[in-house]
Amino acid sequence: MKKKNEKEKISRNALCPCGSGKKYKRCCLNKESSAQSSDLRYEKRPRIQIKTTDQIDGIRRAGRLVIETLDLVEPHIQPGITTDAINTLVYDFTIKNGATPAPLNYKGFPKSVCVSINEVICHGIPSERTFKDGDIVNVDVTSILDGYYADASKTLFVGTPGADAKKIVDVSRQCLARGIKVVKPGNTVGDIGFAIQSYAEGKGCSVVRQFVGHGVGIDFHEPPQIPHYGTPGSGVRLVPGMIFTIEPMINLGTRELVILKDGWTAVTKDKSLSAQFEQTLLVTENGVESLTPYPL
């Protein structure tokens, strides 16, 4: 919850951090803060929730479980292992730790984790499909622990990767790192998107636009949306207490995609490789903290 002395640090003539495009003195300067932290909203549209200290601690705990889950899964990304075996690992470990896998039954999604191979951009449904040497595999984990959500993913190699696999995974990893680097109070959602898009396209890759990052923590998907493309200085301005994911989906070929008949699985239209890395991020007073940290 922002206090009055925190608000006064913003210049009266600066653009209002709510993203309205108006000067601070003509927008939010005189609005009273809510006495109820859990109901505090950053802006009416799209009603971004600024997290309290207790909420941040809860999301951080959920984030630790997400990373522990990814660490458990990683050694099992081997030739001959089925994607359904990964689903079982995630489900059992999550339940054992007193949490719930957020994807399970979410809007009809039938499994506990998304496992996306090669040309699958996202939302791969675990099945009897087996990993093969040279595949790349994105494992996307979201856990609900004590009512709090955290979300992260990695793209991993199966066996020995080829040159194209190495390239797309490296570009995707760097896209997340560059997106995180610009997260700090006063910067905008457009700054994040521009950092990612300019790097990916500079490497001859493309950025998926139909799927974006999102607020997270109290619910699975919250405002704001975080596109992985954009214009510097545009969009919602970042303030301390915002929590959201950055999860760029980067294609080796064009950015066009197709949704399969299952209604979930998104694949590259040209069948090129796609990779993704994702972390849940907190805007702090001085910059950013990953609540699902792993090396990039």
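This is a predicted model: local features need pLDDT of at least 70, side-chain atom pairs count only at pLDDT 80 or more; totals for chains, interfaces and linings use all residues.
Let's begin on the inside. In soluble globular proteins, nonpolar side chains tend to be buried together. Here, the largest nonpolar core has 55 residues. If you want to find it in the structure, look for Ile77, Met242, Phe244, Ile246 and Ile250, the residues with the most contacts inside this core. Helix α4, which spans residues 163–181, gives the core its largest share, seven residues. There is also a second, separate core of 11 residues, and Ile59, Ala102, Ile144 and Ile243 are among them.

Strand β9 covers residues 243–246, and both of its faces are covered. On one side are Ile243 and Thr245, on the other Phe244 and Ile246, and all four of these residues are buried. Ile243 belongs to the second core, while Phe244 and Ile246 are part of the largest one. Which strand is β9 joined to? Four bridges link β9 to strand β14 (residues 279–283), and the two run antiparallel. Within this pairing, isoleucine 246 stands opposite glutamine 279 of β14.

Now let's turn to empty space. Rolling a probe the size of a water molecule over the atoms shows where such space is left. The second largest pocket holds about 540 Å³ of space. Its lining is made up of 26 residues, and Tyr106, His123, Phe211, His214 and His221 lie nearest the pocket's centre. Three strands, β4 (136–145), β7 (213–215) and β8 (222–226), each supply at least two residues of this lining. What kinds of residues line the second largest pocket? The lining divides into 11 nonpolar, nine polar and six charged residues.

Next come the cysteines. A disulfide requires two cysteine sulfur atoms within 2.5 Å, and by this rule the model has zero disulfides. For cysteine 114, the nearest cysteine sulfur is that of cysteine 122, 7.5 Å away. For cysteine 205, the nearest is that of cysteine 175, at 7.6 Å.

Our last stop is glycine 162, in the loop between β5 (148–157) and α4. Glycine 162 counts as partly exposed because its relative accessibility is 37%, which falls between the limits of 20% and 50%.

Note on methods:
Residues are numbered from 1 along each chain as its sequence is written. Side-chain values use heavy atoms; hydrogens and water are left out. A nonpolar core is a set of buried Ala, Val, Leu, Ile, Met, Phe, Trp, Tyr and Cys residues joined through side-chain atoms within 4.5 Å. Buried means under 20% relative accessible area, exposed over 50%, partly exposed in between (1.4 Å probe, protein chains only). Two strands pair if DSSP finds at least two bridges between them. On a 1 Å grid over the protein atoms alone, a cavity is a set of points where a 1.4 Å probe fits but cannot get out, and a pocket is an open set with protein on both sides within 12 Å along at least five of seven lines; lining residues have an atom within 4 Å of a point. Grid points are joined across faces, edges and corners, and a volume is the space filled by probe spheres set on the points. Ala, Val, Leu, Ile, Met, Phe, Trp, Tyr, Cys and Pro count as nonpolar, Asp, Glu, Lys and Arg as charged, and the others, Gly among them, as polar.
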